[in-house]
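The text then goes through it part by part.

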Number of protein chains: 2
Amino acid sequence: MSHGDKQPKRSREERDFLAAYDASAFPHPSVAVDVALITVEDAELRVLLIQRDEHPDLGRWSLPGGFIQLDEALDAAAARVLARDAGVTDVWLEQLYTFGEPDRDPRTRVITVAHHALVPAATLRRGTEERSDRRLARIVVPWKGDRGEPVRAIDEDDVELPLAFDHAAILGTVVQRLRGKLDYAALGFELLPKRFTLRELQEVHEAVLGRRLNKDSFRRRILASGLVTATGQKEADVVHRPAELFRFVRRRR
Amino acid sequence: MSHGDKQPKRSREERDFLAAYDASAFPHPSVAVDVALITVEDAELRVLLIQRDEHPDLGRWSLPGGFIQLDEALDAAAARVLARDAGVTDVWLEQLYTFGEPDRDPRTRVITVAHHALVPAATLRRGTEERSDRRLARIVVPWKGDRGEPVRAIDEDDVELPLAFDHAAILGTVVQRLRGKLDYAALGFELLPKRFTLRELQEVHEAVLGRRLNKDSFRRRILASGLVTATGQKEADVVHRPAELFRFVRRRR
DNA sequence: TGACTTAGATGCATCATGCATTTATCTTCC
DNA sequence: GGAAGATAAATGCATGATGCATCTAAGTCA
């Protein structure tokens, strides 16, 4: 996102106004960020959840999140929360949508700027030590297409994890947005290691979209896009003909 | 957007926690909404701008906006601002993106949840009395595609209107989003009167996309979509063969 | 009445997609 | 060592969408 128009020169009068400005003259809401850290493992869409150890919604599962600091940009707050709670840095991270229903948090008015982040499963497993209050939960999407309605989270033992606040709705919006962006943005690569086969890329796309894709058409489309290039290497340890390994090529503008 | 998970039953302990919660324990930013009210007139994308009569950025042109109230949903605040400053209600209105760079407002930390609204030009001209501090400015997009970089605003006398705060960047994001949604969302109809010709619809699409479209392909695609239906009426007062008037049909789910 | 303009239909070449078929290349089992 | 089983990867073809050219229709205006 592009910000930072150069500041105009300010008059003496305007500087006086700014010096006298009292921001506390009217009530302010709390502003937080929540981050849905998404990965694909075993051809299924997953998200990192943390069990709340405080009221409200104690015991329920939530996205990593926290209140923003007054001198901190929104994406910087999201990156901070992600590093603190998930131990990951330098991942694809984008603002998603801002949730601000007056009653979404029982404490007080909390507006949350939801973000989503993508990371390869291998990176996440490496960074996330096993803690009982963390789960890489499967996202179960009870709708087709781009409706964006709430989703459910299921852990590895097929137990549903009750979600805190409106995080089921936030995750529904995450899935909706990812499905919408997958076609024209190079998202799939963010979920894969540096080298990958076209089948792995297709499985990632299918996990995000929640439907099967035609293999030949997918291959032709990806190869024609110029987004991948063959490495000359082949995958190993498979019980069939090994596929060629590709890597992502940043698109020329 | 789907919110409002039914609230879980709260324990006595949790209710005590909530009663004792002190939201003022840490500093809060200000939260505002800004609304880009977009229309298409003379095959050009336009936006309603208001000249600021207060510091900061006095004299510069800004989107309608205002601080949110503590008991008010974000889209309700956007609708309130739109009714107050533009006199329009019941228009297509959607959240766009949240802008929160720490220095985007010189007064204090102001995070703004930007929205965009679409309205037919005829409706807007009817609702907007002529005021010297209002302009329906042309949006000049100095980039192609979906880059989303800042844009410029030009009034009817070809005078550039300097934009307040980061509103040039907000408007750039508006154009980016509209271009992205136009294909798969029924946006064009929001910018047209109830009955319209396919040429008018195409001109709206071209104004949003900033490029010419193939006429035959556009006609076939729209007619095949099932989103429009012929009314049997024809346009009047044109110096050539009159085109059939169509109306929008809400898509069956 | 004819010039002018745009609407709207038709035909065709091109390209993307879905599907079936064939061959290639690996592991595992006998 | 060879056959079975799996998937990779290429090829061919039918189908549908798109871009483009052409032709006719239906208005206004001089």
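Predicted model: local features only at pLDDT ≥ 70, side-chain atom pairs only at ≥ 80, totals over all residues.

Begin with the two protein chains. In the model, 45 residues of chain B are in contact with 45 residues of chain A. On the chain B side, several elements each supply at least two residues: the helices α1 (12-20) and α4 (167-182), and the strands β1 (30-41), β5 (92-99) and β6 (110-118). The most comes from β5(B), which gives four residues to the side of chain B that touches chain A. Sorted by class, that side of chain B holds 24 nonpolar, eleven polar and ten charged residues.

Next, turn to the DNA. Around DNA strand D there are 18 residues, and the closest are A:R199, A:H240, A:E244, B:S217 and B:R241. Two elements give two or more residues to this surface: α5 (198-209) of chain A and α6 (215-225) of chain B. Of these, α6(B) has the largest share, with four residues. By class, the surface near DNA strand D is made up of five nonpolar, five polar and eight charged residues.

Now move to DNA strand C. The largest share, four residues, comes from α6(A). The surface near DNA strand C divides into four nonpolar, five polar and nine charged residues.

Strands of a sheet pair through backbone hydrogen bonds, and the pairing is either parallel or antiparallel. In what order do the strands of the open sheet in chain A lie? The order is β9-β11-β10, three strands with antiparallel pairing. The edge strands are β9 (195-196) and β10 (228-234) of chain A, because an edge strand pairs on one side only. Strand β11 of chain A covers residues 244-248 and is joined to β10(A) by four bridges. These two strands run antiparallel. To find one point along the sheet, look for A:V228, which stands opposite A:F248 in β11(A).

One residue links this sheet to the DNA described above. A:E244 is among the closest residues to DNA strand D, and residues 244-248 of chain A form strand β11.

How values were computed
Residues numbered from 1 in each chain as written. Chains lettered and ligands numbered in written order. Near = placed C-beta within 6 Å. Nonpolar A, V, L, I, M, F, W, Y, C, P; charged D, E, K, R; others polar. Contact = placed C-beta atoms within 7 Å.
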